[in-house]
Each structure stands twice: as C-alpha cells, then as structure tokens.
Amino acid sequence: MSSSQRETSAKSLRFSLVIPAYNEAVFLPMLLDSVDVARTHYSGGREAIEVIVGNNMSTDTTAEIALTHGCIVTLIEKRMIAAARNGGAKLATGEVICFIDADSRIHPDTFNAIDRTLSAGDVVVGTTGINPERWSLGIALTWMIATIMTFFARVDAGVVFCRRADFLAIGGYDETLDYAEDIKFLIDLKKIGKPRRQRFARTRNTKAITSMRKFDKHGDWHYFTKMPRVAFWMLINKTRVKRFTDQYWYQDR
C-alpha cells in the first residue's frame, strides 16, 4: 500500500476498537466473532472500523488469534490494564475510539448505535452497558446494586466510546491506577465535556455480554462476602489490598 493510500484509508476510518488482552485465548475468539458481525452490520461499511489488540505480555496464543482475525496487534510490556488500553489507542486512527474487554461479546448494532448517540454533538463519552452471560441470585443482586450505583453516578461499562481528540485531550487512561481506571476515564471525559454542555450517554438496546469468570472463580456472592473485607483493609492494611487486587485483576488467568 502506498503512502497516499494509507493516508486515504486512515482518513476514512470512523472507529478504532481497542481490546486490552492478557492470556485471552479462550474468550478472544468469541469477542472477535461478535465484532466481525457488528462490522458487517455497520451502515458505514466494515472497512470503516479497525480492531486493535493491546497484547499485555500474554504467554498463550492471544496474539496469534488476534492476527488470524485480521487485528492490529501491539505488545504492551507494562503489565497494567490502563497501559494496555493506552498502548492500543496509540495506534488508533479512527475518529472515534472504542474500548471493550476481551472476555465480552458485543451487540450486532453496536457501531450504528454509537454513531446515532454521537450524531447530535451533545455527548462527550458513552457506553453500551453490559449484561452477564449467566444469572444466579447472587449475580442478580450484585447486578441490581451496581445498576443503581452506575445510573446515579452516570458511569457504566461495556463498549466505552469517545472521540479520539477528547481521548488525547485527557491523556487517556490513568496508568497510576491498578484498577478503576475505567471509572476515572469516564469522569475525566465528563469534566472536559461539561463546559461544552456535553454529557455522558448510554446507547439503547445494544448491551455487550460479559463473562462471569470472576464470579465463577470467587463465587456468585463474593461481592457481599469478600468486598466488604477489602473495603476494611483499605483503611488499615494497604498491603493486603494490593495483594488482593493483584490476584483479582492480574493473576486470574
């Protein structure tokens, strides 16, 4: 491809979908299959969407799977979720950057819904929301509490999207945070949107599906049994909190 062809291709890109991934050989194929369907359904054409995998030092076949599916793959050597998101975003050339966790599946109408949400110009950042891949009483109660909290806090998860210019304006995800970087990201974007009278928004009827692997490993009630102890440790024992967060977010595979 010539230099002029690359420039033309870059200018025509609407979306860059960034996937942070560490040892995601089990879940990544299902996500990429769902992304392929959503690209096919996009009214602007599948070629208007690029997919970037931030390979966060995987030791399995994550990179090979991504390459086989036609993704752009970049190696992120800083073992941190925020760094994997930022590293993938550095290669993004789309007008809109989207982020989705590797253990998810996206809705077929995702990219059309994001276009509709951004079209009015009064949205600085948005999400699709998520649903769990399975339900139980413990998961349902956890989900109910989380839904209430995210509704009033005006944050959410799923496919997170913003304009690339705004991503660059806030400096991306905060790499000083081992976790909750996604929440701070939304807060930072809402701050720059406020003086422009731009808001946070959720797309309609296009929720992503997320795996319940943490519930599978720690139990369907662990938000009620383990998390209160973690909150207590935050007050008296930061070392135990660090050990728990490493195990919960970084050593689960």
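Is Arg 202 buried, exposed or partly exposed in this predicted model? Arg 202 counts as partly exposed because its relative accessibility is 26%, a value between the limits of 20% and 50%.

**View 1. Arg 202 and Asp 156 form a salt bridge.** The closest N and O atoms of the two residues are 2.9 Å apart. The pair links distant parts of the chain, 46 residues apart: Arg 202 belongs to strand β9 (residues 199-202), and Asp 156 to the loop between α6 and β8. Asp 156 is partly exposed, with a relative accessible area of 22%.

View 2. Of the 253 residues, 48% count as buried. Among contacts with a separation of 6 or more, 78% are between residues 24 or more positions apart. The accessible surface comes to about 12700 Å², and carbon and sulfur atoms account for 58% of that area.

**View 3. Strand β4 (residues 96-99) has buried residues pointing both ways.** Val 96 and Cys 98 point one way, while Ile 97 and Phe 99 point the other way. Strand β1 (residues 15-21) pairs with β4 in the parallel sense over four bridges, and Phe 15 stands opposite Val 96. Strand β8 (residues 160-163) runs antiparallel to β4 and is joined to β4 by four bridges. There, Arg 163 is the bridge partner of Val 96.

**View 4. Glu 95 and Arg 14 meet through their side chains in a salt bridge.** The N to O distance is 3.5 Å. Glu 95 lies in the loop between α4 (81-89) and β4, and Arg 14 in the loop between α1 (3-12) and β1, so the pair ties together parts that are 81 residues apart in sequence. Glu 95 counts as partly exposed at 45% relative accessibility, whereas Arg 14 counts as buried at 19%. Salt bridges with shared partners join Arg 14, Glu 95 and Asp 115 into one network. The search of the whole structure finds 18 salt bridges.

**View 5. Asp 103 and Arg 213 form a salt bridge.** Their closest N and O atoms are 3.4 Å apart. Asp 103 is in the loop between β4 and β5, and Arg 213 is in helix α9 (residues 213-218), so the pair ties together parts that are 110 residues apart in sequence. Asp 103 is buried, with a relative accessible area of 12%. Arg 213 is also buried, with 17%.

**View 6. Three strands form an open sheet in the order β5-β10-β7.** The pairing in this sheet is mixed. β5 (104-105) and β7 (130-132) are at the edges with a single partner strand each, so one side of each has no neighbour in the sheet. β7 and strand β10 (residues 208-210) pair in the parallel sense over three bridges, and Asn 131 stands opposite Ile 209 in β10.

View 7. α6 (137-153) and α10 (222-225) each supply at least two of the residues, and the largest share, seven residues, comes from α6. Phe 152 lies in helix α6 and counts as exposed at 65% relative accessibility.

Notes:
Residues are numbered from 1 along each chain as its sequence is written. This is a predicted model: local features need pLDDT of at least 70, side-chain atom pairs count only at pLDDT 80 or more; totals for chains, interfaces and linings use all residues. Side-chain values use heavy atoms; hydrogens and water are left out. Buried means under 20% relative accessible area, exposed over 50%, partly exposed in between (1.4 Å probe, protein chains only). Two strands pair if DSSP finds at least two bridges between them. Contact means heavy atoms within 4.5 Å. Accessible areas come from the Shrake-Rupley method with a 1.4 Å probe; for residues, only the protein chains shown count as cover. A salt bridge is a side-chain nitrogen of Lys or Arg within 4 Å of a carboxyl oxygen of Asp or Glu.
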